[in-house]
Amino acid sequence: MIEASLYTIKAICILDNDGERLISKFYDDTFPTVKEQKEFEKNLFNKTHKANAEIIMLDGLTCVYRSNVDLFFYVIGSSQENELILVSVLNCLYEVTSQILRKNVEKRALFDHLDSVYLAIDEIVDGGIILEADPSSILQRVALRGDDMSEPNFKDTVIWHS
Amino acid sequence: MMLRRDKKDEEEGASSNPFQGLEKSTVIQEARSFNETPIKPRKCCHTLTKIMYVLNQGEQFGRTEATGTFFAMTKLFQSSDVTLRRMVYLLIKEMADIADDVIIVTSSLTRDMTGKEDLYRAAAIRALCKITDSTMLQAIERFMKQAIVDKVPSVSSAALASSLHIMKQNPEVVRRWVNEVQEAASSDNIMVQYHALGLLHYVRKNDPMAVSKMVSKYTKGGLKSPYATCLLIRISAKLLEKEEYRDASPLVDFIESCLRHKSEMVIYEAAHAIVNMKDTSARELAPAVSVLQLFLSSPKPTLRFAATKTLNKVAMTHPAAVTACNLDLENLITDVNRSIATLAITTLLKTGSESSIDR
């Protein structure tokens, strides 16, 4: 029987439609090296990108997932974990990202708001502990800039680094 | 000029990933601009995002590189831009283990942690606890105790979660905060309650009497949070493993009562616990199997998966208890989710009879 612990989430990943890593956070040492992590991500993507089935067992882990256009969202936990808890985190991640991207859940928009999505994931899970799973609380805590919600800021940010 | 060139690049759509091919050395170079005054929040924020991206892609920073970038970053505390400050906190956590002398930001973080801005406080606590070592822990102890019982849920949760991380290295310090943690456990906020209960349990883990007292207190009611309730079910099930006369145990009553909870998460956790108990009797299994049977026809794939997986387990020890679900399981043989279909088939192999062959 699974240990009663707050450490519930092993990883959160957002991959693109080639299975490339956009954002990944691994919270324990199930996959100690970047190489092993990326191998797992590739494997996961190959097994899930065609079948929109929401849940899969892979390498003895439970992975729940959702996708839209060219983005794939994954939440990963132990095979003993309550699958519905994992799904509550996945739904929160998806909902929050969708709000940040103003319902434009696609790669291009993700890059325009990458900072906010990093901050959001940091508010959802803290070192493997589910910190908050309510999308509206997360959005409050991420404290989006007023204009983040109205127009993309990518064009003016790109000027500075050139 | 530059502006025009960038726009053109973008229109041509040279790459759909503007961060593609970003070099570590470029972003390290760019971080030097953090020293410029006045600080341009948007520009700096974008640079921090790039550093984050490069780190997240798995690039290794050398000690010197990381430390240089970290120190440049500390200059950004002069700006009061909210997003920029939050990105700084995030990067502090990311770089805490790869840069030297990260304790340099202690006073800045302590100031933000005790300041007026709630959005800073919670995030500052988490960053501070990440860089704090055992010698400095005493200095922030007072603030941590205050934060644990703070009225703002994000602050309280941040302090509780950070305390649990700290427990790994410094259990004796966190043990002194148990009164505050207990107070937080009666919070109205569902996450604060969950984090407080999790920390309380961890603190008392090696003292079965204390765990048992804690469980009997909360099983009598008072938990609003479905997450906390799931945790309490798990703790109860662990305690039951050691009990000799389970029949009369109030813990069994508690777990069974959770089968009628309004949250599916809790119902499933309870059913799962009952199924996995040692030497479960057919009488104990029956109510758990009935709720799992209901889940089999849920439109949510995860719920169908969870139920099939758990019934599969029951079928190994008590095939007779699952036969009532055979019709529902047969419907799942063609489920779009192949894992569900496979689990349904293997379960049926254990419970099926001649009558099902015709169908």
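**Entry 1: two helices in chain B**

I began with helix H16 (residues 264–276) and helix H18 (residues 301–317) of chain B, whose axes come within 10 Å and cross at roughly 10 degrees. That makes H16(B) roughly parallel to H18(B). I noted the cut-offs: angles under 35 degrees count as roughly parallel, over 145 as roughly antiparallel, 65 to 115 as roughly perpendicular, and the rest as oblique. The axes are lines fitted to C-alpha atoms, for helices over the stretch in contact, and angles run from 0 to 180 degrees between N-to-C directions. I looked up the handedness too: the crossing of H16(B) and H18(B) is left-handed. Left-handed is used if the near helix is turned anticlockwise from the far one by less than a right angle, right-handed if clockwise.

Which residues of H16(B) make the contact with H18(B)? I listed B:Glu264, B:Tyr268, B:His272, B:Val275 and B:Asn276. From H18(B) come B:Leu303, B:Ala306, B:Ala307, B:Thr310, B:Lys313 and B:Val314. Contact means heavy atoms within 4.5 Å. By class, I found six nonpolar, three polar and two charged residues in the contact of H16(B) with H18(B). Here Ala, Val, Leu, Ile, Met, Phe, Trp, Tyr, Cys and Pro count as nonpolar, Asp, Glu, Lys and Arg as charged, and the others, Gly among them, as polar.

**Entry 2: how the model is read**

This is a predicted model, where local features need pLDDT of at least 70 and side-chain atom pairs count only at pLDDT 80 or more, while totals for chains, interfaces and linings use all residues. Residues are numbered from 1 along each chain as its sequence is written, chains are lettered from A and ligands numbered from 1 in the order in which they are written, and side-chain values use heavy atoms, with hydrogens and water left out.

**Entry 3: across the chains**

Next I took helix H2 (residues 83–100) of chain A against H16(B). Their axes come within 8 Å and cross at roughly 155 degrees. That makes H2(A) roughly antiparallel to H16(B). A:Glu83, A:Leu84, A:Ile85 and A:Ser88 meet B:Glu264, B:Met265, B:Tyr268 and B:Glu269.

**Entry 4: chain A as a whole**

I counted six helices and seven strands in chain A. Helices (H or I, at least four residues) and strands (E, at least two) are DSSP runs, numbered from the N terminus. Their order is β-β-α-β-β-β-α-α-α-β-β-α-α. Of the 162 residues in chain A, 62% are buried. Buried means under 20% relative accessible area, exposed over 50%, partly exposed in between (1.4 Å probe, protein chains only).

**Entry 5: single residues**

Is A:Gln37 buried or exposed? A:Gln37 counts as buried, because its relative accessibility is 13%. I placed A:Gln37 in helix H1 (residues 34–48) of chain A. A:Gln37 touches A:Arg21, A:Phe26 and A:Phe31, leaving out residues up to four places away in sequence.

A:Lys103 has a phi near 65 degrees, a positive value in a residue other than glycine. I found A:Lys103 in the loop between H2 and helix H3 (107–112) of chain A. A:Lys103 is exposed, with a relative accessible area of 62%.

B:Asp101 lies in the loop between helix H5 (82–95) and helix H6 (106–113) of chain B.

Last, I checked a peptide bond. B:Thr37 and B:Pro38 are joined by a cis peptide bond, with omega about -10 degrees.
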